[in-house]
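Below are some notes on the model for your review.

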Amino acid sequence: MGLLDKAIRLERTVGSNAIMMETGRMANQADGSVWVQCGGTVVLVTVCSQSLEFDKGFFPLTVEYQEKLYAAGRIPGSYFRREVGRPSEREVTVARLIDRPHRPLFPKGFRDEVQIIATVLSADGINDPDVLAVNGASAALHISSVPFMGPIAAGRVGRIDGQFVLNPPYQISADQTDLNIFIAASRDAVVMVEGGGNFVSEELIAEALEWGHQQIIPLIDMQEELREKAGKAKMAFTPPVENEALKAVVAQAAQGGLEAALSIIDKMERRAARKALRTQVVEAVKAAFPEEPALAGKAAEMLEGMEKKFMRQRIKDTGVRIDTRDTKTVRPIEIEVSMLPRTHGSCLFARGETKALCVATLGSTGDEQRIETLAGESSKRFMLHYNFPPYCVGEVKPLRGPSRREIGHGLLAERSIAPVLPAPGEFPFTLRIISEVMESNGSSSMATVCGGSLALMDAGVPIKAPVAGVAMGLIKEDDQFIVLTDILGDEDAMGDMDFKVAGTAEGVTGIQMDIKITGIPQNVMRQALEQARESRLHILGKMNETLAAPRTELSPYAPQLTVVEINPEKIREVIGPGGKVIKAITASTGASIDIDDSGKISIFAPTQEAMERAKEMVLFYDQKADVGRNYQGKVKKIIDCGAVVEILPGLEGLVHVSQLDIGRVENVTDAVAMGQDLEVKVIAVEPNGRVRLSRKAVLLEEQGETIDLNDFAAPSRPRGDRDSRGGDRRGGDRGGRDRGRR
């Protein structure tokens, strides 16, 4: 019996694609292992778990997603020629896509360590492996012994020519689809949303989610069948039973203090009061149970549950939130632009106690980010980097590289702003936004969207429209759903949903939804989208009061840009051997020079003076002769029919023998010599680029005669034909006889 004979394989048609799931052929020592395939794309997802000797106080779930370049038949371009170092932004993003819909579906109190690893084994460049990875993770968990309240299914919804499409090819361009939304859902409800659109309406998004949800149900059916055929018995897990004696002590110690702490509007004061209350409760528990020190940690967790219950119940009963707002009011907004004197564009955007300093920087095309992916190497002209330093929440932590959360929030904000950027053809700069979160009390990623949009406008980037974003929350108590606008950090932590929506006045450009419950009804999602739209329009109004349109001029500290056109045949000379010439121009002027094969050259320079100098140096190698202009040249070559004269560096023209002097010239060497300086006039530039020169015209002008270039530009008459001054024009005939002899 072969390996394939031992495998259990199922297949379903989802949308227009066949998706196959298989288990039993490989990674059989993992608790759960599923091979997921669509077309030529294959992802292997494994699940392993292990019990811990002690309770960490949280559920230790880790998710890794790996794109191996061999999957696309490529060798890594790194020095070591292997995939090394930190995960790429793409891998981090997909790992978060896997983590976010699965984490809420583990039973409360489950503390075993669980690891999910998704590895791309084959990539066909058509079917995106991220969709397969999320479905594979659910399937692997479902057939494993790990307790899991799934399964879920995932898909991507696009819209092409007005029609919804499930899982469109992932390399499809943005101008082919105005919608790109990743959806994960259980059989009954949507559990996660991530994506964006080109100014689409909230109604369209709701319709897309409903349509997509129905389309991915066959994947849930397939996972259920896979479990029936290959599933392991689920491990015994009993949710922890509340210690009633401990609960009574905690409630008594927290009495009065809990409500007082959660009525403080200022975040830091509220946090200090909650910390003092926690210390008070822990001390009371230690005194009540001196023989059980472990109960102190459980008491702190129990107190958090009481705080959560109190906050949610107060909102349900009174409609009043921690900071005294109602459910639909946006926090006060303050905006300041142009606050940093030497940056290209800056904005400090504050909404309540959340504050982001956003800085826009313009660069040349050479500053584009180079990315190596399964689809090959690509470049990225717009980057948004989100930083969440520990001081923004009053904490002490080591400064390391960007966390997964920082990468995810940055990409959400980047996706939200990207649709309003000018096209590269009309604004060829590379653009970078840096968001430094100064203070955080909820929705700093959406503050980044608002501040980043204004920073671009402050820099003079001609964006199509300003973009704003807001985070919506949810409280579910019994059968009642309460949607909260512009949530605080505590409302995020103690609530049931974090639903971020960004866009312009015209429509939505970015969306992300995570929930902590098993799902939300469609009518609640529509309500959240409508409240988000109202809030976004309010925020955009405040932004317009500060800066209504992009500045008409770039910052004086931004790169200066000019575009010149040269003869494509001259590109080699501008670059020089081994890039010697272009490197010299760059070193001399500080300019960055981008050369297109068509002959279009974009020059980015730090100052106007440097730009003009770089432009002059580039054009030095693509000189163009002006008809009617005199040039001081040098004789470079003597031929039978005349003299070749260099009038500009690299640009030569022919002085025909008939144009060497006023009178008749029998031999070219009678009039000029090699290396002789010669003043000549350009009398014509032929369509093929050849330049015709005349020394005769210069001599006649020196005698005071008026020159008509049409006379000189006309073909020379045969030798012996008399001109108006009684001389013979013999050069043309001589040239003809000489060419005949050759």
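Which residue lies over the face of phenylalanine 388, and at what distance from the ring centre? It is arginine 405, at 4.3 Å from the ring centre. The model is a predicted one, and the points below should be read with that in mind.

1. Charge over a ring. Besides arginine 405 over phenylalanine 388, there is arginine 25, whose charged end sits over the ring of tryptophan 35. Here the distance to the ring centre is 4.9 Å.

2. Aromatic pairs. Searching the whole structure gives nine aromatic pairs. One of them is formed by phenylalanine 106 and phenylalanine 148, with ring centres 5.7 Å apart. The angle between their planes is 55 degrees, so the pair is classed as tilted; edge-to-face would need over 60 degrees.

3. Placement of that pair. Phenylalanine 106 belongs to the loop between helix H2 (89-102) and strand E6 (113-122), and phenylalanine 148 to the loop between helix H3 (129-143) and strand E7 (153-160). The pair thus links distant parts of the chain, 42 residues apart. Phenylalanine 106 has a relative accessible area of 5% and is therefore buried. Phenylalanine 148, at 10% relative accessibility, also counts as buried because the limit is under 20%.

4. Cluster. Phe106 and Phe148 belong to one aromatic cluster that also contains Phe59, Phe110 and Phe237.

5. A second pair. Phenylalanine 429 and phenylalanine 604 are edge-to-face, with 70 degrees between the planes and 5.4 Å from centre to centre. This pair, too, links distant parts of the chain: phenylalanine 429 is in the loop between helix H10 (404-417) and strand E17 (430-439), while phenylalanine 604 is in strand E24 (residues 600-605). The two are 175 residues apart. Both phenylalanine 429 and phenylalanine 604 are buried.

6. Arginine 312. This residue is part of helix H9 (residues 295-318). Its relative accessibility is 7%, so arginine 312 counts as buried. The arginine 312 side chain reaches the backbone oxygen of lysine 476 at 2.8 Å. Leaving out residues up to four places away in sequence, arginine 312 touches Ile475, Lys476, Glu477, Met494, Gly495 and Asp496.

7. Domains. The assignment divides the chain into domain 1 (8-230), domain 2 (244-318), domain 3 (333-546), domain 4 (560-620) and domain 5 (629-711). Taken over C-alpha atoms, the centres of domain 3 and domain 5 are separated by 66 Å.

Key. Residues numbered from 1 in each chain as written. Predicted model: local features only at pLDDT ≥ 70, side-chain atom pairs only at ≥ 80, totals over all residues. Heavy atoms only, no water. Phe/Tyr/Trp six-rings, centres within 6.5 Å; stacked < 30°, edge-to-face > 60°. Helix = DSSP H or I, 4+ residues; strand = E, 2+ residues; numbered from the N terminus. Buried < 20%, exposed > 50% of the residue type's maximum accessible area, 1.4 Å probe, protein only. Lys NZ or Arg CZ within 6 Å of the ring centre and 35° of its normal. Polar contact = N/O pair within 3.5 Å; in protein donor to acceptor, adjacent residues only side chain to side chain. Contact = heavy atoms within 4.5 Å. Domains from an automatic or database assignment.
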